[in-house]
Amino acid sequence: MAQIHDPAEDGDLVAGPAKIAVPEEVANAIRTLIRWSGDDPDREGLIDTPHRVARAWKEYCQGYGEDPAYHLGRVFEEVGGYDEIVLLKDIPFQSHCEHHMAPIIGKASIAYLPKDHVVGISKLARVLHAFARRLQVQERLTAEVADCIWNGLKPVGVAVVIEASHACMTARGVRTPGVGMVTSRMMGVFRDDERSRQEVLKLMGY
Ligand SMILES: Nc1nc2c(ncn2[C@@H]2O[C@H](COP(=O)(O)OP(=O)(O)OP(=O)(O)O)[C@@H](O)[C@H]2O)c(=O)[nH]1
Ligand SMILES: [Zn+2]
């Protein structure tokens, strides 16, 4: 007879990550916000909400606990003399705007022109997320990602283009959906040389 696998027998494997403790002060702040929004924080459906919201915010903001530059610490020297553009294109990311703490949802393209070493390609996305998972404005996010790669890899050029939609513009305020904000930062050869800049923008699809 076929054995049926019961995931419960895996013990800790199905338990999920341990939940962090939420200080009462934080939970109370969220209760106050619920009450101020017009609902009753003590009704059944909202009883656990303050703790869930608090943990969700810790997750949205987990970049504060990360050093983005750490991700660029391991580089590879042996890349067969590769000295052309390396591009990670259309990386989806989420952040929150520092004005309304509303979601910023978008994509980033990150490119660099290596000098004598390259980095594991996933690390470019890790740098992006480490800065995005904070309260941000898109201009600063763009600059921080570019500066981090520039300082960490010391390449010939860095280009970062970010395109995002801001919920503070789509879901509230001016309520204008479908608009994207585009920001860019060009460094080194991508800033100084028009042909290099055009080349990287074309590879990014702009
Ligand atoms: N430059 C920039 N502005 C942003 C970003 N995220 C949100 N904003 C804007 O920040 C501004 C904050 O403006 P305020 O006038 O202080 O706030 P507000 O009264 O809520 O503004 P409205 O959104 O126009 O209702 C708004 O225009 C937002 O659209 C960002 O990443 N970069
Ligand atoms: Zn906002």
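Start by selecting Val26, Ala27, Ile30, Arg31 and Ile34 in H1, which meet Thr49, Pro50, His51, Val53 and Ala54 in H2; contact here requires C-beta atoms, placed from the backbone, within 7 Å. By class, this contact of H1 with H2 holds seven nonpolar, two polar and one charged residues. Nonpolar covers Ala, Val, Leu, Ile, Met, Phe, Trp, Tyr, Cys and Pro, charged covers Asp, Glu, Lys and Arg, and the others, Gly among them, are polar.

A word on what you are viewing: this is a predicted model, where local features need pLDDT of at least 70, side-chain atom pairs count only at pLDDT 80 or more, and totals for chains, interfaces and linings use all residues. Residues are numbered from 1 along each chain as its sequence is written, while chains are lettered from A and ligands numbered from 1 in the order in which they are written.

Now show helix H1 (residues 24-37) and helix H2 (residues 49-60) whole: they pack at about 110°, with axes 8 Å apart. That makes H1 roughly perpendicular to H2 (65 to 115 degrees). Helices are DSSP runs (H or I, at least four residues), numbered from the N terminus. Axes are lines fitted to C-alpha atoms over the stretch in contact, with angles from 0 to 180 degrees between N-to-C directions.

Next, colour domain 1 (19-60) and domain 2 (76-204), whose bounds come from an automatic or database domain assignment. Taken over C-alpha atoms, their centres are 33 Å apart.

Move on to helix H3 (residues 122-132) and H4, whose axes come within 10 Å and cross at roughly 140°. Select Val127, Leu128, Phe131 and Ala132 in H3, and you will find them meeting Leu141, Glu144, Val145, Cys148 and Ile149 in H4. This contact divides into eight nonpolar, no polar and one charged residues.

Finish at ligand 1, surrounded by Cys97, His99, Val137, Gln138, Glu139, His166, Cys168, Met169, Gly173 and Val174 (C-beta atom, placed from the backbone, within 6 Å). Helix H4 (138-153) and helix H5 (167-170) are the elements giving two or more residues to this shell. Its residues divide into five nonpolar, four polar and one charged.

Technical notes. Parallel < 35°, antiparallel > 145°, perpendicular 65-115°, else oblique. Contact = placed C-beta atoms within 7 Å.
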